[in-house]
Amino acid sequence: MCCVCVCFCACVCEYVCTWCVCVCVCVSFTIDHVTLSVLPGADVVSGTNVTLRCQVQVSHSAPQWLLHSFSFLLEQATEVYAKNSSESQVDYRLLPARAAHSGAYTCRVHVLEKERSSPELRLNVSGLTTPVLTVTPREVYEGQDVTVGCHAPEEEGALSLQLDVNGERRRSFPSTPGGTDIALKMDSPGHMTLRCRMRLLTRPEAGESLSNAVNVTVRELNATPTVTFDPASGVVEGDFLWVRCAVPSFSELPNQERARLEIYLTKGGRVLKQGRGKEEAGYQVRAVAADSGTYVCKTEMQGGNLQKTTSGTTSVAELFSRPEVKVLPLVVFEGDNFTVSCSVSSVVASRIQHSSLRFRLFRKGALLQHGPHYTATAGPAHDGAYVCQAEAKEIARNSTELTVNAKILPSRPIISVEGGVIIGRPFQVRCRTNRGTRPITFTLMRGQRSLGSQEVDALSALFNVSAIRERLELAEFSCGAQNDPSRLAHSSPPLTATVIVPISMAMLTLEPFGGGVTEGSDLKLTCSAPRGSPPFTFTFSRGQQGAPGGREQLLQILVTGSNRASHTLRNIQRAQAGQYQCHANNSATHRSSAIAHVHVKLAAWKVALLTVCVILLVAAIGVTLLILIKRSPNPCTHTSTAGQLSVKPAKSRATDPQRVSLVLEEQPPPNATPGMLGRSVWSEHISGSGSDSDSQSEEEPSVEVQYPQVAPTPQTDTPIATTALTNGTDKEQNKVEIANTALTNGTDTEPNEEEIANTDNSAQTEGASIEYVQLYYNDPAPE
């Protein structure tokens, strides 16, 4: 559905309206199809009338036809024709069709907001129209221009035009619709046939079209010049030479061309003579050898567009040859006398004699003297370029330059060493002179023997020399310098230089000798180099024991002119023990000494203190052992002096455990000899009767109580040890363990165990415990 509104307005002027009436109509429509056709056909020949017809079919609900917008498109891009019509058909006519009209056509129809296009239809128009060639004027002189036009007014599109002259393509025309005109210069005389070729740029496949042929006559301008010489041959320097450039047919040229004719006489690019509107141009000169060569005569017309050229050659013989300057002797040194001479090898005998020649000598462009010879003493004042000039019959000729530079003899050479001399090693020697003309030949001598020569473009030369073994050998070397083989070479003085002796070895000595030193004392390290040249650099180092990778500790570096140096370790300590080494350097070598092992002993007072401690320790051990031996029981005798252990039961109660007192019945007197002062507290069997015989007969293994040797104590009851004994449930397992500890050289002795068992009194002692045990000293029995 589409609605169309049409408004009708009554307007007083262009922008002022009094009233308007609008009518709106809503229409339903659809474009069924659009077709394009070509009449009389799609393939036609150029010049045929062609009609492109576009038809559309629209279905609609309107009471009248709708307005259609028709557009004809070429190659879907260029709109070549458009028309609005309520009709369903529109024609586009090509009257006539040309090759430029070829292509793919499409018809596009717009109805209100809808649009539809027809399928493409290709039109092929073959052939081109014949272009028309015009040429004016058709008869000209050579060098003149003609106007050439090539036109195809009925052909459409961009054209490519080519001009053929006698069947050869000469040039192109500018690309303009319908054709164009150009100016063509006619260079060569004769008859020319011109044609024009046309091609369509937009459609090269359409081929090309050839125009009609036009003939053009080009007349020659006979203005070719000639060159003549007078005399024609046998010219010698000093003679007059006439060169004539002429146009023989000058009178035959048109008056206008004769007035514009230009004639030139040139040689080597230089204009010798020039004329305008004239028949000839002449040139006269007193001939010299340089006048020999080729002369060119040229005529120009029409502003230089037409040129005619002719050339001729002449030769001028030399009146005398080029003079030559010489210097004798050939090699000149400062202070030598030399002579500059000027001569001419040949003359033309028919013209002059040798005697008629005049010579002049110049140095650095300044006149030196008249005459062929000049003698002087060589030196800077007479150095320079010498030129000789010979003259006869106003003809002067110069020789080539000869430069005289007096050579300078070398001064007495100086021989020196490069980089120093080291015994046993090769070295370099330089031979040098302060002045002298190069190249210079230097020769190295050893005594009367030549070691080699060098020719260098310098004031010095460098020689390689093999090693020497002694200092005195250095004076055998000398050198010479020369730049003239005919003269003796200057010799240098003998070679003098500082000779460096390498260090043969490095030795490290210790004071005190042997590497053993007492802690707290001084250790002196001395490093020496028995053979070598000073200055020396001595380095002392210590290898730390256990250090990874042999790491060294730098102690001191000394630079001295002496072949030995010392380093003292003050108040040395045990931590400074280790491996010591020294290194000796000079400018030639580096040497390291053998490694010295240094051991640091204890100080004397520490040794004495340790000795006393050891003695005291040994004495203490001895005394302790002696006491132990004397206190041990004597297996041979058993006296009553031994303390007896008595077990006294306390008052027993039904509920309390019984108490037993163990008392050592005998005590030694105060002045008794130290010995084994007691017996085993369990040396006699505990029984109810306490008889000696029963105790002795049933004696168990005793527990020995040992005492160190001490001073006698007063006769007082002194408790020694208390041990609680616990009765077990088994009467046969009742035990009493008494631990008595004796100090024996710092060691402990294990206490002996005494198992007390009394089968007869088991009932009385069962369940009882010993609360304490007291040991007493009793008076010893008399011996």
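In this predicted model, helix 2 (residues 604-631) comprises 28 residues, which at 1.5 Å a residue should span 40 Å; the C-alpha atoms at its ends are 40 Å apart, so expectation and model agree. Within helix 2, the buried residues include Thr-624, Ile-627, Leu-628 and Arg-631. An α-helix has 3.6 residues a turn, so residues three or four places apart point the same way.

## Disulfides

How many disulfides does the count give? The count comes to six disulfides. Three of them are described here, among them the link of Cys-54 and Cys-107.

| Disulfide | S to S distance |
|---|---|
| Cys-54 and Cys-107 | 1.8 Å |
| Cys-245 and Cys-297 | 1.2 Å |
| Cys-527 and Cys-582 | 2.1 Å |

A disulfide joins Cys-54 to Cys-107. The torsion about its S-S bond is about -85 degrees, so the disulfide of Cys-54 and Cys-107 is left-handed. Cys-54 belongs to strand 5 (residues 50-60) and Cys-107 to strand 9 (residues 103-111); the pair links distant parts of the chain, 53 residues apart. Cys-54 and Cys-107 are buried.

A disulfide is also formed by Cys-245 and Cys-297. The link of Cys-245 and Cys-297 is right-handed, with 45 degrees about the S-S bond. Distant parts of the chain are again connected by this pair: Cys-245 is in strand 23 (residues 240-246), Cys-297 is in strand 27 (residues 293-301), and 52 residues separate them. Both Cys-245 and Cys-297 are buried.

The disulfide between Cys-527 and Cys-582 has an S to S distance of 2.1 Å. Why is the disulfide of Cys-527 and Cys-582 described as right-handed? The torsion about its S-S bond is about 65 degrees, so the disulfide is right-handed. Because Cys-527 lies in strand 49 (residues 523-528) and Cys-582 in strand 53 (residues 578-585), the pair ties together parts that are 55 residues apart in sequence. Cys-527 counts as buried because its relative accessibility is 0%. Cys-582 likewise counts as buried, at 0% relative accessibility.

## Aromatic rings and charges

Lysine side chains lie over aromatic rings at two places described here, one of them at Phe-29. Lys-114 is positioned over the face of Phe-29, 4.8 Å from the ring centre. At Tyr-295, the charged end of Lys-267 sits over the ring, at 5.6 Å from its centre.

## Backbone features in loops

The peptide bond joining Thr-136 and Pro-137 is cis, with omega about -15 degrees. A cis peptide bond also runs from Arg-438 to Pro-439, where omega is near 5 degrees. Pro-439 is found in the loop between strand 40 (427-432) and strand 41 (440-446).

Positive phi values occur in residues other than glycine, including Asn-166, whose phi is near 55 degrees. Asn-166 is located in the loop between strand 15 (159-165) and strand 16 (168-172). With 43% relative accessibility, Asn-166 counts as partly exposed. Lys-393, another residue other than glycine, has a positive phi near 50 degrees. The loop between strand 35 (384-392) and strand 36 (395-398) contains Lys-393, and Lys-393 counts as partly exposed because its relative accessibility is 39%.

Key: Residues are numbered from 1 along each chain as its sequence is written. This is a predicted model: local features need pLDDT of at least 70, side-chain atom pairs count only at pLDDT 80 or more; totals for chains, interfaces and linings use all residues. Side-chain values use heavy atoms; hydrogens and water are left out. A charge sits over a ring if NZ of Lys or CZ of Arg is within 6 Å of the ring centre and within 35 degrees of the ring normal. Helices (H or I, at least four residues) and strands (E, at least two) are DSSP runs, numbered from the N terminus. The expected span of a helix is 1.5 Å times one less than its number of residues. Buried means under 20% relative accessible area, exposed over 50%, partly exposed in between (1.4 Å probe, protein chains only). A disulfide is a pair of cysteine sulfur atoms within 2.5 Å.
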